[in-house]
Amino acid sequence: MSNTFDVVVIGGGPGGYIAAIRAAQLGFSTACIDEWKNDKGGPALGGTCTNVGCIPSKALLQSSEHFEHAGKHFADHGIKMTGMTLDVATMLARKDTVVKQNNDGIQFLFKKNKVTFFHGRGSFVKAGEGGYELKAGEETVTARHVIVATGSSARALPGAPFDEENILSNDGALRIPGVPKRLGLIGSGVIGLEMGSVWRRLGAEVTVLEALPTFLGAVDEQIAREAKKAFDKQGLKVELGVKVGEVKKAKGGVSVAWANAKGEAQLLEVDKLIVSIGRVPNTTGLNPEAVGLKLDERGAVVVDDECRTNLPNVWAVGDVVRGPMLAHKAEEEGVAVAERIAGQHGHVNFNTIPWVIYTSPEIAWVGQTEQQLKAAGVAYKAGTFPFMANGRARALGDTTGMVKFLADAKTDEILGVHIVGPMASELISEAVVAMEFKASAEDIARICHAHPSLSEATKEAALAVDKRTLNF
Ligand code: FAD
Ligand code: NAI
């Protein structure tokens, strides 16, 4: 086997493995190097997303939601549960099976698309005539084009490194062997809310400490307020505007000294502490100095709008570069780069990347928030429709939340759609398609939506922009 490739991708997460498949589809000889190990030391393709991110978190969110429904809501449907017990070991084993199915699926896709896989660390050795020389585990390969897709890792609090026993990153948070009585989380961002929800549903007393004074600052304010109300009702305790001080391992747990928004000293004592305060790009293992690959002050690879680095034929995608740390953003960049290498016009529209927080209620949005439009001085019209007035939501027994449309005051073009409520993760797709096609709110309002469906709330919110809802 020749170890010279047209394209070598370093990293086999959603950015890297998708870039490799697209490059191979375009006819390039392609290899992917990934170092993730499963618990037996074997390969585990899919990166953070598959192993300790999107997939296992959604598996546990689903299991814990079933548990909460069975315990608290089945009775409303006339289904009486007695003697219900929780088997955390089985729940975690099911999650591990889901992860493995995804790992194996990617290995199969590599075989199907003839992508050569190297299990081990990828790093730059030197730039030469025929391309870049790289280490791929124990082997050496040469690449005409390199795509860096090495992703990110959890950021630790200064002075409190992760031990994955008591002070947990996202990794440890997904494999706590039993429900902790008291669980603390630092950071009420996406991981804080999703993992906090999982363990609260399973019975933990959860406290989240958040530095910012506002809840979910990046989310449309009206939607964030609605979500906060629902989380408060569920008993997910979120303290805003705090200052976290010393974090110490105490007997059987962790103690966190913190000051509340008024500056008063507090102490949080918990059995487990999840630290979810953002993520840092993975570039240390790459040996970027060997070729002069430019990094910024955070250690992220510096790229232009099209994912080009400072080096010819070296590209970077996903969490290791600027922009939102989302699996689908990484994938879109991976596809676009492979197409650019092929001389095509790969394109990523950053204005239509959807966000989803998979709590209950789910929170999903695309485009601009009302605050952003106000700050930019854009004249807009808003329309909202509550799930309370949606027949399908009533039948489901989940009427929390609303759909909100923001449209240009003059042209009616949709500028943002924000949803808090049941299945927001699925409903948002319609808004993404509409915005990609530059649809107006009226376009959505005039499209026939199935009855009874949650998507009728989307149509009604679009009608609300013109103040003519039919069911509210
Ligand atoms: P990664 O998935 O991090 O993959 C990088 C890969 O490169 C890894 O396998 C790593 O081992 C490997 N690697 C690193 N350095 C080297 C090297 N030198 N040599 C060889 N291999 C190397 N996003 C969503 O869109 N939806 C979600 O629901 C979601 N949920 C999440 C839940 C959690 C708990 C977390 C932590 C993240 C979640 N994310 C979610 C974010 C998502 O996981 C990331 O945005 C996504 O994985 C980024 O993909 P990537 O390919 O850039 O990097
Ligand atoms: P995050 O950026 O979403 O949230 C971090 C939170 O921690 C912020 O609210 C920040 O103000 C707070 N914070 C930072 N330092 C702090 C401190 N010292 N004390 C108290 N609070 C502090 O980061 P998170 O939750 O770690 O997730 C990382 C990324 O992973 C997300 O930004 C997202 O891109 C991705 N992700 C996506 C998911 C999804 O799409 N559903 C799910 C989970 C993660």
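A polar contact here is a pair of N or O atoms within 3.5 Å; within protein, one of the two must be able to donate a hydrogen and the other to accept it, and residues adjacent in sequence count only if both atoms are side-chain atoms.

What you're looking at is a predicted model, where local features need pLDDT of at least 70 and side-chain atom pairs count only at pLDDT 80 or more, while totals for chains, interfaces and linings use all residues. Residues are numbered from 1 along each chain as its sequence is written, chains are lettered from A and ligands numbered from 1 in the order in which they are written, and side-chain values use heavy atoms, with hydrogens and water left out.

**Ligand 1**

Let's start with the surroundings of ligand 1. It has 38 residues around it, the closest being Asp34, Thr48, Lys58, Gly122 and Asp319; a residue counts as near if one of its heavy atoms lies within 4 Å.

| Residue and atom | Ligand atom | Distance |
|---|---|---|
| Val190, backbone N or O atom | oxygen of ligand 2 | 3.2 Å |
| Ile191, polar backbone atom | oxygen of ligand 2 | 2.9 Å |
| Met325, polar backbone atom | oxygen of ligand 2 | 2.5 Å |

Which elements supply at least two residues each of the shell around ligand 1? They are helix 1 (14–25), strand 2 (30–34), helix 2 (47–52), helix 3 (54–73) and helix 8 (327–341). Helices (H or I, at least four residues) and strands (E, at least two) are DSSP runs, numbered from the N terminus. Helix 2 provides the largest share, 4 residues. By type, the shell holds 14 nonpolar, 18 polar and 6 charged residues.

**Ligand 2**

On to ligand 2, which is surrounded by 23 residues, with Glu194, Glu210, Gly278, Met325 and Val356 the closest. Met325 also makes one of the contacts in the table, through its backbone. Of the 830 Å² of accessible area that ligand 2 has on its own, the protein covers 77%. Two or more shell residues come from each of helix 6 (190–201) and strand 18 (355–357), and helix 6 gives the most, with 3 residues. This shell splits into 14 nonpolar, 4 polar and 5 charged residues.

Three of them form an open antiparallel sheet in the order 12-13-14. Strand 12 (243–250) and strand 14 (265–270) are at the edges with a single partner each, so one side of each has no neighbour in the sheet. Neighbouring strands here are turned by 20 degrees against each other on average, direction ignored. Strand 12 pairs with strand 13 (residues 253–259) over 6 bridges, and Val244 stands opposite Trp258 in strand 13. Two strands pair if DSSP finds at least two bridges between them.

Elsewhere, strand 9 (residues 182–186) pairs with strand 10 (residues 205–209) in the parallel sense over 5 bridges. Arg182 has Glu205 of strand 10 as its bridge partner. Strand 9 is mostly covered, with 4 of its 5 residues buried, meaning under 20% relative accessible area.

Technical notes. Areas by Shrake-Rupley, 256 points an atom, 1.4 Å probe, with all protein chains shown as cover. Nonpolar A, V, L, I, M, F, W, Y, C, P; charged D, E, K, R; others polar. Axes fitted to C-alpha atoms, helices over the stretch in contact; angles between N-to-C directions. Buried < 20%, exposed > 50% of the residue type's maximum accessible area, 1.4 Å probe, protein only.
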